[in-house]
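Dear colleague,

I am passing this structure on to you, and I would be glad if you could look through it with the notes below at hand.

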Amino acid sequence: MISGMLNIVLFGPPGAGKGTQSEKLIEKYGLTHLSTGDLFRKHLGEGTDLGKLARTYMDQGHLVPDQVVISMVEDKISTTKDSKGFIFDGFPRTTAQAEALDAMLISNGMKISGMIALDVPHEILKERIKERGKTSNRADDQNEEKVNTRIKVYLDETLPVAKYYEKQDKYTSINGVGGIDEIFEEISEVMDSY
């Protein structure tokens, strides 16, 4: 086991504040941000073997298989030196991905320290996303139907992942409503307990 390494799954629906809190956690704890969206862009953009493999699935309109995504995550971990740990953002999204991630981490002498979930009521999420849409020019944040769909997909597909980590006694829910620093303090208390 790589001692003292913190590997956190930051969890929550769209608009919960994961991006804001990730930045603060990275700064305070020296973690490396690991976003599958960023990994896809990197591998596709650089035309790596994994990127080419992912592209074949995407071109056929299929989801990229979990094993390809896990390989991208493993590549990121193995090429990142001197990190004190990783913050997983937007991954794992399914129980199968969580199981595959656990297996890959164990084979590399690592593990998930815990999952921290930001809990925010739906009405507040919708307000936040609309507000973010005005400032970030993200069109999908300004369409109420798309926002509702994204929240529903999160609830249907990703909440079972929380149950997976709950069974391992690695799940903590944090109230995601309040001041940014206040929420960060709560998250930090959980981080310091690992």
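This is a predicted model: local features need pLDDT of at least 70, side-chain atom pairs count only at pLDDT 80 or more; totals for chains, interfaces and linings use all residues.

Residues are numbered from 1 along each chain as its sequence is written, and side-chain values use heavy atoms, with hydrogens and water left out.

Helices (DSSP runs of H or I, at least four residues) and strands (runs of E, at least two) are numbered from the N terminus, and two strands are said to pair if DSSP finds at least two bridges between them. On that basis, 5 strands form an open sheet with parallel pairing, in the order 2-3-1-4-5. Strand 2 and strand 5 stand at the edges with a single partner strand each, so one side of each is left without a neighbour in the sheet. On average, neighbouring strands of this sheet are turned by 25° against each other, direction ignored; axes here are lines fitted to C-alpha atoms, for helices over the stretch in contact, and angles run from 0 to 180 degrees between N-to-C directions.

Helix 1 (residues 18–29) packs on this sheet, where it touches strand 1, strand 2, strand 3 and strand 4, and its direction makes about 165° with that of strand 1. Contact, here and below, means heavy atoms within 4.5 Å.

Buried means under 20% relative accessible area and exposed over 50%, with partly exposed in between (1.4 Å probe, protein chains only). Both faces of strand 3 are covered, with Gly85, Ile87 and Asp89 buried on one side and Phe86 and Phe88 on the other. Strand 3 pairs in the parallel sense with strand 1 (residues 6–11) over 5 bridges, where Asp89 is the bridge partner of Leu10, and 4 bridges join strand 3 to strand 2 (residues 32–35), again running parallel, with Thr32 opposite Phe86.

In helix 5 (residues 95–107) you will find Leu101, which counts as buried at 0% relative accessibility. Leaving aside neighbours within four places in sequence, Leu101 is in contact with Ile70, Val73, Phe88, Phe91, Pro92, Ile112 and Tyr165.

Tyr165 is also one of the buried residues of helix 7, a group that packs against strand 1, helix 5, strand 4 (114–119), helix 6 (122–136) and strand 5 (171–175). Helix 7 (residues 144–167) lies across strand 1, strand 4 and strand 5, running at about 145° to strand 1. A kink of about 40° lies at Thr158 in helix 7, shortly before the proline Pro160; the bend at a residue is the angle between axes fitted to the seven residues ending there and the seven starting there.

Asp169, in the loop between helix 7 and strand 5, has a positive phi of about 60° although it is not a glycine, and it counts as exposed at 73% relative accessibility. Asp82, in the loop between helix 4 (66–79) and strand 3, has a phi near 65° and is exposed, with a relative accessible area of 79%.

With kind regards
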